[in-house]
Amino acid sequence: MSNAMYNKMWHQTQEALNSLLDKESQNIMESQNNQVFIFQMLATFYIKYVQIFRNLEDVYDQIVHPQKRILIRKILDGVMGRILELKNEMVELELTEFHYFDDILQDLKLAPQQLDIPIPKYFLKEKLEVIKGREKILAQILANTGLDIPEKKYTVKGIPLEEAVKLIQIAERARQGRLRAMFMKQIFLQEYRAKQTKIPGEKVADMGAAVLQIQKVWRGFHQRRKTEKQREEEMIFLGMKPPPLFNEVSATVIQAEKVSFLRNEVQVKHEENYKEALVTIKDDLKLIEGPDIKENLQDQIRHWFIECRNLTGTFPEYPNVEEGGSAIIFSNKTPQQEEDDGWKMSPSVFLPTMEEGNNVYKDLWKNKDESWNLPQDYDPELIKQEKRKELESEIRAQVDELMRQELKNLKLAVDREKEYPVKAAKKKGDKKKKKGKKGKKGKRGKDKDLTADRTIESLYKELVEEGLLIQALKVNLSDYIGEYSYLGTTLRQVSIEPMPSLLDVRQLIALYGILPLGSATVHEKAPLVKSLLLAGPSGVGKKMLVHAICTETGANLFNLSAANIAGKYPGKNGLQMMLHVVIKVARELQPSVVWIGDTEKTFYKKVPSTERMIEPKRLKKQLPKILRLLKPDDRILIVGTTQRPFDAELQSFCKVYQKIILVPRPDYASRFVLWKQIIQRNGGIITNALNISCLAKVTDGFTQGHIVEMVQGVLTDRRIRQQTYKPLTAAEFIAMLTRMSPVYQEEEESFKNWYAKTPTGKKRALALTGGDIEKEKDKGKKKGKKEKKK
């Protein structure tokens, strides 16, 4: 796509955003009581914002105009934040993390795939050099300490010489035997042919009958091939089979990738030119227009002195720096405008940002003639407008100092007034305020910096050497393969709660983990998620999702699993030091992910005797304190993973983990996609001989981990080479199923039952049974009071 196409795409997206903002402002004014209507409204806004987000992300990634990119980035962050706000509203309304929009998607004529949350490329692009540098340092530390993960090497065991000779003899004799058998077969065939030619009275076959036989065989073969081809074309037409060369990368795609790469280079070049221009244009303005601006400001202020003298008979008091200096004299704000600035009608933090960005677009870019700027480099006139304001405020500060002195001299000369210290009372008040602030600082001072004398680099190295800061695996969120649940709405209509699909889980990881960690603006203002729990059976990809969060955001990964911290930093002071160092480094090098694997061990109801030595509950009391220390500007996410949440003490478990996400075993649709993708990624070729649907049905209850293990077990190097003459069949994979244990329905139900006991699960159950949550809360409070009285 050319610059013009991306500009057109931006204009269309802004029009869609403008109409959506108008609808939002209308709906905010109206109050609704119908829960179904409210959800439909929120879901529609959510879906439309996701479409705008997808378009804006593409535009921001590819557009090369530096000043447009600044505005698009501001709107993009606003849209991201608004999506998170709407998601939070839907969760509070439906009391579940998973929502189904089948009916709304049909009305809007959208496919479920269009609900995918895109991950902005600027998360990694803007700090690529920092991430590469950090990875290099981490790899170096691991190599120096011998903690780097060694590559898998095939170890060869030594055997005695006699046994080796015996093996070689067996192999050689077998080879000679095969050759002898082949020679004997050839001799036998030659003798047989010779005997056949010597048989007397053999009749020569009729030539006509032979021709008919050949025609019959040929026509049958030709018709079968034609029928197969027609059937294949029909299946492709119906969309039940991919077209030929579907999986091959076309020349157009390769060319598009090259253009995209070149466009990124132009972006960097234009950005550098823009930054240079900001300095040079300001310097030029200072030289050319600076003296005139200074003179005009002085004339205006002198005119104000005279006007006030004529009207009141005395010279005015000059506004101090805190009030804004002389700028406050010439501000044109009306009392009504002051009131509007002080009171915000919108409950959203991000709506004003989007509206402001949208207004800038309409005023500046919507109808702007850019025929002179085909390369889409910076616009010098816009820089001049921006820098003129900066220059004026800088010069005003200098002029204010001069004019204060001039006013003082005028008062002495004309009115013979002395300058009395009018601000003495304010200063006393300021001292009181300062005292109050000191008191607050004193309270905060209790959290002492235990490592004030050490550098971040030394602390980073220490954590790596202790194995608490680990290298994240290079896994993208898109590698978490699955399919959508197409029956979610239908099942809920008949009061059946569906198990979430794998792509529903993937969306939540993007919303709660990746978007806030990737954007500082979104993390500071959006509904804050400090901790996340991934619960599900073994092999469903919980650890993979943790690594995907780190890969997509360039975050550091800290491993505070009970098994990993066992024996490290012993004692109470040691534990305090460990957590202090982890949080300090995580905060300094944010974004960061603190992973607690098998997190149920930290909250055991009863510690098993076999695990008492590792003290699994060391972090139990400390985790709530860590969460309280995390502020909105700390891009740190605590992620726990567990396959046995029922072993944990529920109350303290749910206090620590703000969001609980159940990761299910894959359903049929997800298994079908998984089998195809995993076979192809491991070098397999899918032909008509391989029934993927059969594999997906037979492996009901098996997880992604099982499927990967089966595929890797079958697709050895030798088997991959044999595929040209021996295609893969389903039977080869099914043979491995007998050695594996699936996730049974009972285990899945136990996860469901456990989730129903969590606070969100209880609220959801109450809502479904028609109970009143507020009444339930009141009952709980009354019971508590009665127990206290007793």
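A cavity is here a set of points on a 1 Å grid over the protein atoms alone where a 1.4 Å probe fits but cannot get out, and its lining residues are those with an atom within 4 Å of a point. The model to which this is applied is a predicted one. The structure holds 3 cavities of 30 Å³ or more, and about 60 Å³ of space lies in the largest cavity. The lining of this largest cavity is made up of Met499, Ala535, Gly536, Pro537, Leu662, Val663, Pro664, Arg665, Val743, Glu748 and Phe751.

Turning to the strands, an open sheet with mixed pairing is built from 6 strands in the order β1-β3-β4-β5-β2-β6. Its edge strands, each of which pairs on one side only, are β1 and β6. Strand β1 pairs with β3 in the antiparallel sense over 2 bridges, and Ile470 stands opposite Leu557 in β3.

| Strand | Residues |
|---|---|
| β1 | 469–470 |
| β3 | 556–559 |
| β6 | 659–662 |

On the surface, Leu179, Met182, Phe183, Met184 and Ile187 form a nonpolar patch, whose members together have about 460 Å² of accessible area. One of these residues, Phe183, lies in helix α7, which covers residues 161–198. Phe183 counts as partly exposed because its relative accessibility is 48%, a class that falls between buried, under 20%, and exposed, over 50%.

Terms used:
Residues numbered from 1 in each chain as written. Predicted model: local features only at pLDDT ≥ 70, side-chain atom pairs only at ≥ 80, totals over all residues. Heavy atoms only, no water. Patch = residues over 30% accessible without salt bridge, like charges linked within 9 Å, V, L, I, M, F, W, Y side chains within 5 Å. Areas by Shrake-Rupley, 256 points an atom, 1.4 Å probe, with all protein chains shown as cover. Salt bridge = Lys/Arg side-chain N within 4 Å of Asp/Glu carboxyl O. Helix = DSSP H or I, 4+ residues; strand = E, 2+ residues; numbered from the N terminus. Buried < 20%, exposed > 50% of the residue type's maximum accessible area, 1.4 Å probe, protein only. Pairing = 2+ DSSP bridges. 1 Å grid on protein atoms, 1.4 Å probe; cavity = no way out; pocket = protein on both sides within 12 Å on 5 of 7 lines; lining within 4 Å. Points joined across faces, edges and corners; volume = space filled by probe spheres on them.
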